[in-house]
Each structure stands twice: as structure tokens, then as C-alpha cells.
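I opened the notebook to log a few look-ups.

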Amino acid sequence: MVVIGSAGVLADGKWRPLRALGWLLLLCVLIVVTFNGVAKAALALMVAAGALPSAPASYRLVAAVLGAMALIAAYWGAVRFGERRTVPELDLRRAPSDLLLGLAVGAALMTAIIGALWLFGWASIERSVVDRVALALRDSIRSGVLEELVLRLVIFRLLWRAVGIWPALAGAALLFGLLHLINPDSSPFAAACLIAGEGVGIGLYLITGRIWASIGMHAGWNFTQGWIFGAAVSGTTDIAGGPLVLKPIPGVPDILSGGGFGPEASLAALAISLLASAAFLWRAWKLGSFVAADA
């Protein structure tokens, strides 16, 4: 079961919903500042130590890993101190198996989406020369850890504490989609496709009670989409350099091919994401995971 907290700043009593929302904002700031601060400091130190004019990709990967480790530690410390409880959502004993599960889910879903685009003739897949991987790993780790920890452990969990699970589920999903409206080549349809898939990450969190499977799913989704298949990821091409390149077929509407935003903004993505979200949320419901443990 997901532990949403009932002590410390989340103790029962006057203004608990407002306290939960204030704690939500504070944790979001702490996590983002910690990640950026540690990653940038680590990168600067490595560049200075190597006397290099700029940071190579391997340094950027190491900096992202250190930043991710720091933000996880910051969340753990904040919850232990502020909520006066253990932090089972970060149970390291189950992290390897949960991560593998999530990676498999993310890779399988994105492969199914891209397979549908190719099968229906909405996109082509061509071979390419593998020329880099470090930056793809960096961006996949960064998005997986940072976005999932903020969305699941902070926003979804604390909205659940403040207003209940259904408003929390809808609010976290809507926020994720709306934030991507500022990305290149985004659109309301692209945001809707991303919202449709939020049930997968939330479902994995509800089923396991831990964050690791959701992190793996997000990282596997992005890495498969951007590096393996060489497609745009939410309008960006930072995750690239792998063995294949996915290209929209000229003349095919963006709603079918995904256009410049990438395959996750396609009709295939909308359909597969909705089905997967429904399946994972239904599984969580059947397991009784829509009822939280307070502490």
C-alpha cells in the first residue's frame, strides 16, 4: 500500500489539507534545487579537475547520476524529518526488480506504439550508425528520476493526502500534460496523449507502493523512443544516436504520425496509453491499492 503520511507536518488536525499543499510546494522546490545544484557543481568540478574547455558527454552522465542520488537523499531526509516516518517508497531492497519491471513496461509500450505507426504506414524506420549513448542515458535518468519522484511521491501523494485519491490522480495527470504544452511542436492533442498515459506511472506506484518501477517505466519509455528508435521525445531530439531513426511519412497528418513532437503525440499513442493506463489502474484497484496506509 502507498504510505501518504499522517504525522509531523501531515498530522491530523486543523488545516491539514493546506499543510499538505504547502509541504508539496516546499518538497518540489527542494528536489529541483538539489538536483540542479549538485549536478551543476559536480560537472563544474570534473571539468576543472580535467582542465577541459567543455564537459564531455560522460561527465554530464556522471553529473546527472550524482544529482539524481542527491535528490533521492534529500527527499528521504525531508520525509524522515518533516513527516516523522520511515520511507518505504524508497525501499532499496526492491529497487533492482522494480526498476527492471518498469524498464520492461516502458520499452514494451513504446515499441508497441512505434510498431503501430510503422504497420499503418504513418512513419518509416531506417537504420542508422550508433554514434553516442551517454547523453541519451543522462536524459533518460534525469527525466525518470526527477519527474517521477516529483509527480508521484510529491504531487500525487500529497494531493491524495489533501483532497483524496481521485482528484489527486486527475490533478497529477493534467499537470504533466499541461507542462508539456511549452515543448517544441506541442499541441493540446499531444498533451492529451501524455495525460492518457499517466495511469501507467501512477498504477505502478500504487501496485508496488514504491517509486522505482515508475522511474524505470519513464526512463525505458524515453530511451526506447529517443535512442533506440531515434524519434523526437516530447518535441526534443536530445535523446538520440542509436541504431534506428523513425521519420513521419510526408503528407501524413501529425495526429497520426506524431509529427515533430514524436510518436507519443500520435493516435496510436493515445489508444495504447489509455488501454495501458486502464489496465494498470484496474490492477491497482483489484489489489486494494486505492486505499492508502497513513503511516
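The entries below follow in the order of my look-ups.

I am working on a predicted model. I keep that in mind for every value below.

**Entry: aromatic pairs**

I began with the rings. A pair of aromatic rings is described by the distance of the centres and the angle of the planes. How many aromatic pairs does the count come to? I get 7.

Then I looked at Trp 285 and Phe 290. Here the centres are 5.3 Å apart. The planes meet at 70°, which is over the 60 degrees required, so I log the pair as edge-to-face. Are these two residues buried or partly exposed? Trp 285 is partly exposed at a relative accessible area of 46%. Phe 290 is at 11%, under the 20% cut-off, so I log Phe 290 as buried.

I also found a cluster. Ring pairs link Phe 156, Trp 160 and Tyr 205.

**Entry: helix H8 and its end**

I went back to H8 for its cover. The helix is mostly covered, with 16 of its 17 residues buried. Just after H8 I noted Gly 230, which has a positive phi of about 60°.

**Entry: H7 against H10**

I compared helix H7 (residues 198-208) with helix H10 (residues 267-286). Their axes come within 7 Å and cross at roughly 20°. That angle is under 35 degrees, so H7 and H10 are roughly parallel. I log their crossing as left-handed. Which residues make the contact? On the H7 side I list Glu 198, Gly 199, Val 200, Ile 202, Gly 203, Leu 204, Leu 206 and Ile 207. On the H10 side I list Ala 276, Ser 277, Phe 280, Leu 281, Arg 283 and Ala 284.

**Entry: H5 against H6**

I repeated the look-up for H5 and H6. Their axes come within 8 Å and cross at roughly 145°. This crossing is right-handed. H5 contributes Ala 173, Leu 174, Phe 176 and Gly 177 to the contact. H6 contributes Ala 191, Leu 194 and Ile 195.

**Entry: His 180**

Where is His 180 found? I place His 180 in the loop between helix H5 (165-179) and helix H6 (188-196). Its relative accessible area is 12%, so His 180 is buried. A polar atom of its side chain lies 2.7 Å from the backbone oxygen of Phe 176. Leaving aside neighbours within four places in sequence, I find His 180 in contact with Ser 186, Leu 194, Ser 234 and Phe 261.

**Entry: Arg 132**

The side chains of Arg 132 and Asp 131 are joined by a polar contact of 3.3 Å. Not counting residues up to four places away in sequence, Arg 132 touches Trp 227, Ala 240 and Gly 241.

Definitions and conventions:
Residues numbered from 1 in each chain as written. Predicted model: local features only at pLDDT ≥ 70, side-chain atom pairs only at ≥ 80, totals over all residues. Heavy atoms only, no water. Phe/Tyr/Trp six-rings, centres within 6.5 Å; stacked < 30°, edge-to-face > 60°. Buried < 20%, exposed > 50% of the residue type's maximum accessible area, 1.4 Å probe, protein only. Helix = DSSP H or I, 4+ residues; strand = E, 2+ residues; numbered from the N terminus. Polar contact = N/O pair within 3.5 Å; in protein donor to acceptor, adjacent residues only side chain to side chain. Contact = heavy atoms within 4.5 Å. Axes fitted to C-alpha atoms, helices over the stretch in contact; angles between N-to-C directions. Parallel < 35°, antiparallel > 145°, perpendicular 65-115°, else oblique. Left-handed = near helix turned anticlockwise from the far one by under 90°.
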